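Student: I would like to learn how to read the features of a protein model. Can we take them one at a time?

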Amino acid sequence: MFELIHRNRRRSALLVVAMTLLLVAVGFFAGELLGSGGGPLGIVFALALMGGLFALSWFAGDKVLLAASKARPVDGESAPQLVNVVEEMSIAAGLSKPPAVYVIESNVPNAFATGRDPEHATVAITDRLLALLSREELQAVIAHEIGHIKHRDILYMTLLSVMAGSIALLSDVLMRWFWWGGGRRRSRTSSDSGQGELVLLLVGFLVVVFGALVARLVYLAASRTREYMADAGAAVFTRNPLALASALEKLGAEQAGASSEQGKTARASSPVPPSARAMLIVSPALKAGAGKRSQSPGLFSTHPPLAERIEILRQLGGQPNFSYGDYAGAFKRVSGKRASFFPSDALGEGAVSTMSFNADEPAATELRREALDGLRRGAGWRLWDCPCGARIKLPMELDRERAVACPRCGQVAE
Amino acid sequence: MRCPACKLALATLEVEGVELDFCVEGHGYWLDEGELEVLLGAEETVLEVGELGGGNGGKGPGGRRPRCPRCKRSMTPVVLFEGLELDLCPVGDGIWFDEGELAVLMTELVRAGRVVADTPLARSLDSLTRHFGGTS
C-alpha cells in the first residue's frame, strides 16, 4: 500500500512536470504572439496565474466547493451512525485522522471527497445517496472516497485541474484577442521580419490552440485512472467488492432514470460545480444507456464507464480472496488494457479474504433520517418527539411561541 | 419550503419512517413525488404526477394559483373525481393537499378498495386524516 502511494507520487510528479512544461510553452508562445520578445513575460504570467489559482484552491478550495454544493457538516453527536461508518472506513484504510463529514440535501445520489491532504480532508454525501444504499453499500462508497484521500487524489486532481484551467484560460484569452483583430495589427508590424518568425508564429499558434485540449485530456485521463484506483482501494478496505459493485449499479440506474425522464433534467444535474466533477463517486447526469459497455470509453469523461467498473468488482467478488494485483488482472480482462497505472510493486501485496455481500439488506433509511435530523438541528430546527411516536420537526423560521399540535394524535407540543 | 397557501415555513412530520411536510397553521400537506405511494404502501402509482404543462401563468379563476414549494412554478389544478381538486406541480415535484383533502382522497381510495388495509402506516394515515381532515 505504501509502495503504491510512493510509486504513484513519482508518476504523478512526472505528469505534473509535463503539465508545467506545457503551461510554460503555452505562456511563452502566448507572449510571443502578443508581441515579439514577450515570451518570458508570458511564462511569468502563466506561472503566476497557476500559482494564484493553486494558492486559492489550497487555502479555500474545499470551503468554496462545500459552500457551492450547499453541504453542511454533521458530527458524531448529530449523525452518529453516518460518522461511525466514515470512522470505520478511515481505520480500515489506515488514515491518521478520519475526514470531516458533510451532508448535502439533494435528490441526486452522489458523494465526493475534498481537501488538501489526509489531515485536512472532507467527505460529502447527498441524502439521496443515503436513501438509496444499504449500510454495506454505503461503507463501500465511503471507502472509495477515502481511497481518494488516502491516494492523495484530492490534492493531485486539484493541481492538475488548476493547471489545465490556467492553460485553457490563456488559450481562450489569446484566441479572443486574435478574433477581435489583435492578430492583424501584429502581422502588419512584422511584415518585414523573416520566415523564421512566421514559423515561430505558426508553431506558437498550434501550441496555444492544442495545448488547452491536450491539458484537458491529460487531466481527464488521470481522473479516470484515479477512479479505478479508488475502487480498488474501496474493495480492499471493505473486503467487499460486491458491495461497491451493487452501490454503483444503483447509482447508475438512478441517474439513467432521472436523465431519461423528460422535464427532470435539471434535477439530474450535478450536486457540485463542474470543476469538481472528478471528485464524485459517479459522473453526474449520465445519459440514458451510458452504462452500456458498447459505448466509447469517453475521452472527455472524468469517470470510466460504470459498467466496466462494476464488472471488475464483480470478478473480484467471485474470488475467495483478492489483492491489488487481482484488481489489476480483472481490469485487464474487462477493459482489454494493461493496468499500467498500477505500480508493479503493489501487485505483490498480500490478499484479503472476500466478505460475503448481502444483496437483500434494506436501504439504511434510519441512517439517512438521523443525518438529516442532524443537519436540521444544526440549522436551528426544533425536534419534538410526540408521545404517540410521531416526530415533529419545526424549522427555525417558525416562531417559538406558536402552538403546534401533533397531526397524528392532536397533542399540543410543550 | 413554504406553505403554498399561507407562505408559513412548512414543518416536517415523521411517522413510521416516512416524512411528510405540513403546515402547522393551515393543516395542509405537501407530498413529494412518490410519497403518496409510500404512505399508502401502494406498489403502483396512485396518482400520476408528471409533466402537466406550464399551468396558467399564475392567474386564473379565483385569483393566483398557489406555487409549488419546491420549484415555485404555479401549480396545476387537477380534478381527481367529483369533489376533489388537487394542486399538482406542473413538473412533477409533488402534490399539495389542502386541509381535509387527504382525508377525502383516503375515503375514496378505501371505497374503491385500493389501499393496503392494516399496516402501522395506514393506521397512522387514518389518524392523520382524522386530526387534520374533516374534524376541524
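Student: In which helix does Glu87(A) lie?

Tutor: Some ground rules come before that. This is a predicted model, where local features need pLDDT of at least 70 and side-chain atom pairs count only at pLDDT 80 or more, while totals for chains, interfaces and linings use all residues. Residues are numbered from 1 along each chain as its sequence is written, chains are lettered from A and ligands numbered from 1 in the order in which they are written, and side-chain values use heavy atoms, with hydrogens and water left out. Helices (H or I, at least four residues) and strands (E, at least two) are DSSP runs, numbered from the N terminus. Glu87(A) lies in helix α3 of chain A, residues 80–93.

Student: What is Lys250(A) in contact with, leaving aside its neighbours within four places in sequence?

Tutor: Contact means heavy atoms within 4.5 Å. Lys250(A), found in helix α9 (residues 241–260) of chain A, is in contact with Leu132(A), Leu133(A), Ser134(A) and Glu137(A). Its C-alpha is separated by 7.8 Å from that of Leu133(A), 117 residues apart along the chain. Lys250(A) has a relative accessible area of 30%, so it is partly exposed.

Student: How are two packed helices described?

Tutor: By the angle between their axes and the distance between the axes. Axes are lines fitted to C-alpha atoms, for helices over the stretch in contact, and angles run from 0 to 180 degrees between N-to-C directions. Take helix α6 (residues 153–179) and helix α8 (residues 195–238) of chain A: their axes come within 9 Å and cross at roughly 160°. That makes α6(A) roughly antiparallel to α8(A). Angles under 35 degrees count as roughly parallel, over 145 as roughly antiparallel, 65 to 115 as roughly perpendicular and the rest as oblique.

Student: Which residues make that contact?

Tutor: On α6(A), they include Tyr156(A), Leu160(A) and Ile167(A). On α8(A), Phe205(A), Val209(A) and Tyr219(A) are among them.

Student: How do strands of a sheet pair?

Tutor: Through backbone hydrogen bonds, either parallel or antiparallel. Two strands pair if DSSP finds at least two bridges between them. In chain A, four strands form an open sheet in the order β1-β2-β4-β3, with mixed pairing. Its edge strands are β1 (71–74) and β3 (111–117), each pairing on one side only. Four bridges join β1(A) to β2(A) (residues 100–104), and these two run antiparallel. Within that pair, Arg72(A) stands opposite Val103(A).

Student: What packs on this sheet?

Tutor: Helix α2 (residues 39–68) of chain A touches β1, β2, β3 and β4 (120–126), its direction making about 160° with that of β3(A). Helix α6(A) lies across β3 and β4 of chain A, at about 85° to β3(A).

Student: In what order do the elements of chain B run?

Tutor: From the N terminus, they run β-β-β-α-β-β-β-α-α. Buried residues make up 50% of the 136 residues in chain B.

Student: Which strands form the eight-stranded sheet?

Tutor: The order is β7(A)-β8(A)-β1(B)-β2(B)-β3(B)-β6(B)-β5(B)-β4(B), an open sheet with antiparallel pairing. At its edges are β7 (382–385) of chain A and β4 (76–81) of chain B.

Terms used: Buried means under 20% relative accessible area, exposed over 50%, partly exposed in between (1.4 Å probe, protein chains only).
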